[in-house]
Amino acid sequence: MDKKKKRSITRGVILVVLLAAIVYTVYSSATKDKVKLLQVGDKAPDFELIDLYDSNIKHRLSDYEGKGIFLNFWGTWCEPCKKEMPAMSNQYAIYKDQGVEVLAVNIAQTEFEVKNFIEGLGVHFPVAIDETRDVMTEYTIDLLPATILINPEGEVEKIITGEMNEQQIASYMESIKPEQE
């Protein structure tokens, strides 16, 4: 086979592959379910996750009605997550009696990894694992750490991505604290 014919066949194959990729992209974009991004002011989606230490305890967002929720998504490999967790624990000790709950949601790691990580840091707040990543998807979490502040009415007050320091965490917990009567 001469070089011209080989080159023509190669170009034809490349053209067919590119055309197929374009058709697939257009088709998948047109038929894909539109994911609604969670925004400030939205009603926080309810969920149910099992507690890391007691499988009889289920954490449902709806069970925390009337409280401020500090919903933190994290992973053991995430250095900023590791840095902010002790500060979250310190502030939780102050704010838990004032109506603020912390729920730390690990993204699909093993129970062994998560327990070792939490015990190594010595933090004390509820932890659950989102094994299926359904909660992460529902809350449109992209980067870790991510924290969703939920006010006592169950609405998203603020969405925070990236590491927080202890002063920021205290300020955020104060902002979602229920009004004392």
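Mentor: Ring pairs link F47, F73 and Y139 into a cluster. Rings of Phe, Tyr and Trp (its six-membered ring) pair if their centres lie within 6.5 Å. This is a predicted model: local features need pLDDT of at least 70, side-chain atom pairs need 80 or more, and totals for chains, interfaces and linings use all residues. Residues are numbered from 1 along each chain as its sequence is written, and side-chain values use heavy atoms, without hydrogens or water.

Trainee: What's the geometry of F47 and Y139?

Mentor: Edge-to-face, with 6.0 Å centre to centre and 80° between the planes. Planes under 30 degrees apart count as stacked, over 60 as edge-to-face and the rest as tilted. F47 sits in the loop between helix 1 (3-31) and strand 1 (48-50), 92 residues apart from Y139.

Trainee: And F73 with Y139, how are the planes set?

Mentor: They are at 45°, with the centres 5.9 Å apart, so the pair is tilted. F73 is in strand 3 (residues 68-74).

Trainee: Are F73 and Y139 buried or exposed?

Mentor: Both are buried, meaning under 20% relative accessible area with a 1.4 Å probe, protein chains only. F47 is buried too.

Trainee: Switching to helices. How do helix 2 and helix 5 cross?

Mentor: The axes of helix 2 (residues 79-95) and helix 5 (residues 166-176) come within 9 Å and cross at roughly 40°. Axes are lines fitted to C-alpha atoms over the stretch in contact, with angles from 0 to 180 degrees between N-to-C directions. Helices are DSSP runs of H or I, at least four residues; strands are E, at least two.

Trainee: Which residues make the contact?

Mentor: Helix 2 brings residues including M88 and Y92, and helix 5 has I169 and M173 among them. Contact means heavy atoms within 4.5 Å.

Definitions and conventions:
Buried < 20%, exposed > 50% of the residue type's maximum accessible area, 1.4 Å probe, protein only.
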